[in-house]
Amino acid sequence: MNKKFRIICLSLFISISASNLYAQETLFKDLSYEYLEKLIATAKKNYPEAKVKQKQVEIARSTFHQASFGWLEAFSASYIYSPQSSINITQPTIFKGYQLVASVSLGSLFERPYTIHNAREAVKIAEYQQQEYYLTIEAQIKRFYFAYLAAQADLRNKVTAVTNAQTSTKNLKYTFEKGETPFQTYNESLNNLYNQNSFRIQAELNVFTAKTNLEELIGDKLESIK
């Protein structure tokens with residue numbers, strides 16, 4: 001009887017191993033690069049830090065345009081009014097009436113090209129920082145997405161293991177009640193079933209955690225990304 005039981009257990013072990021191996025070979029069967037690109041695009045649109053980077057680029061560009069029109073700051077104009085009937089002994093004037101006066105600030109004039117250059121470089125820096133952040137967030141989303149798929153695959157493995165353990169325990173219960181299986185063997189099968197259920201619960205938690213991490217990064221529910 002022990003020999004027969006060993007053969008049954010060996011067959012069950014081989015069946016479980018083959019099932020797990022098949023699941024491992026199809027770990028990324030649900031992988032969709034099109035869906036992954038949608039997740040990345042959603043994160044760039046929704047995630048607060050991505051919005052901050054976009055606003056920084058917009059501010060830098062606005063500052064550059066403002067500096068480009070700053071040439072006019074070097075020039076100023078004013079007018080002087082000298083009544084025709086008055087005589088100014090302290091500062092005698094030749095022209096009477098309204099006089100237009102134009103002035104140029106040489107310091108501001110020579111400074112302007114450097115101001116424009118710095119503003120242009122600030123735009124490039126803001127754009128580089130945005131590109132760097134996009135690369136970072138893309139890598140994070142890919143890691144979280146792959147972790148989510150792996151957690152789902154692991155859960156499928158754990159569900160299969162529970163099903164196999166239930167089948168084994170059910171068979172051993174039948175032979176135990178007939179007196180063909182010792183209590184120790186049946187008890188070990190019950191413990192194994194309990195452990196497999198615990199592993200399945202942990203795998204379910206891992207799926208929820210991976211899903212939460214991914215949704216936090218994209219700023220939306222996965223169910224809403226079609």
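The points below go through some of the helices and their contacts.

1. Please keep in mind that this is a predicted model. Everything that follows is computed from it.

2. Let me start with helix 3, residues 48–68.

3. Which residues of helix 3 are buried? They are A50, K53, V57, A60, F64 and A67. Viewed down the axis of helix 3, these buried residues fall within an arc of 115°, and therefore they line one face of the helix. Exposed on the other side of helix 3 are P48, K55, I59 and Q66.

4. T169 sits in helix 4, which covers residues 106–177. Its relative accessibility is 6%, and because buried means under 20%, T169 counts as buried. Setting aside neighbours within four places in sequence, T169 contacts Y186, S189, L190 and L193.

5. Helix 5 (residues 183–218) passes the length check too: its 36 residues should span 52 Å at 1.5 Å a residue, and the end C-alpha atoms are 53 Å apart, which agrees. After helix 5 comes G219, with a positive phi near 75°.

6. How do helix 2 (residues 33–46) and helix 5 meet, and at what angle do their axes cross? The axes come within 7 Å and cross at roughly 55°, so the two helices are oblique to each other. Helix 2 brings L39, T42, A43 and N46 to the contact, while helix 5 brings L214, L217 and I218. Of these contact residues, five are nonpolar, two are polar and none is charged.

Definitions and conventions
Residues are numbered from 1 along each chain as its sequence is written. This is a predicted model: local features need pLDDT of at least 70, side-chain atom pairs count only at pLDDT 80 or more; totals for chains, interfaces and linings use all residues. Side-chain values use heavy atoms; hydrogens and water are left out. Helices (H or I, at least four residues) and strands (E, at least two) are DSSP runs, numbered from the N terminus. The expected span of a helix is 1.5 Å times one less than its number of residues. Buried means under 20% relative accessible area, exposed over 50%, partly exposed in between (1.4 Å probe, protein chains only). The arc is that of the directions from the helix axis to the C-beta atoms. Contact means heavy atoms within 4.5 Å. Axes are lines fitted to C-alpha atoms, for helices over the stretch in contact, and angles run from 0 to 180 degrees between N-to-C directions. Angles under 35 degrees count as roughly parallel, over 145 as roughly antiparallel, 65 to 115 as roughly perpendicular and the rest as oblique. Ala, Val, Leu, Ile, Met, Phe, Trp, Tyr, Cys and Pro count as nonpolar, Asp, Glu, Lys and Arg as charged, and the others, Gly among them, as polar.
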